[in-house]
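Here are a few notes to read alongside the model.

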Amino acid sequence: MLDRITSSPVVSVLQNAMGAATLRQKVISNNIANVNTPNFKKSEVMFEDLLSQVLDDSNSGKLKMARTNEKHLPLKKGLKNVQPVVDQINETSMRTDKNNVDIEIEMANLAKNSIYYNAVATRMGDYFSGMKSVISGQK
């Protein structure tokens, strides 16, 4: 029973989103640390676009739902398996030393990622608080 609650599609996606935010924090920190390294090429973490692709139905742009039980309509099966990917950006150069890290963009990305992580963590907490209320019978 507990396994069904903790391994639900919602929890899986939120766990993957938190993992993506953690990985993104490391990648942005690495980019900032190498802002003055000649020939350094920045990296980015791709997760939300991959998640969007899984959610996107090629025909209508809507999520297809699969019925596994007459009372349940779970998310797509592939949704649990969306993992973040680190992509190195080689196409651009910001300076003559061929480094493509813009410190202002990286600092903005760092702040954005922090807000994103906090939002996902809050949503995860809300999910488990709701489950606790349901289990204990609170209103």
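**Notes on the predicted model**

1. Confidence in the protein chain is lowest in helix α1 (residues 2-6), with a mean pLDDT of 68, and highest in strand β1 (residues 43-46), at 96. Here pLDDT is the predictor's confidence in each residue, from 0 to 100, and helices (H or I, at least four residues) and strands (E, at least two) are DSSP runs numbered from the N terminus. The chain averages 83, and 78% of the residues score at least 70. Where pLDDT is low, the predicted coordinates should not be read in detail.

2. A word on conventions: residues are numbered from 1 along each chain as its sequence is written. This is a predicted model, where local features need pLDDT of at least 70, side-chain atom pairs count only at pLDDT 80 or more, and totals for chains, interfaces and linings use all residues, while side-chain values use heavy atoms, leaving out hydrogens and water.

3. Now look at helix α2 (residues 9-33) and helix α4 (residues 103-136): their axes come within 9 Å and cross at roughly 160 degrees. The two are therefore roughly antiparallel (an angle over 145 degrees). By class, their contact has 18 nonpolar, six polar and three charged residues.

4. Asn113 is found in helix α4 and is buried (under 20% relative accessible area), at 3%. Its contacts (heavy atoms within 4.5 Å) are Ala21, Arg24, Gln25 and Ile28, not counting residues up to four places away in sequence.

Terms used. Axes fitted to C-alpha atoms, helices over the stretch in contact; angles between N-to-C directions. Parallel < 35°, antiparallel > 145°, perpendicular 65-115°, else oblique. Nonpolar A, V, L, I, M, F, W, Y, C, P; charged D, E, K, R; others polar. Buried < 20%, exposed > 50% of the residue type's maximum accessible area, 1.4 Å probe, protein only.
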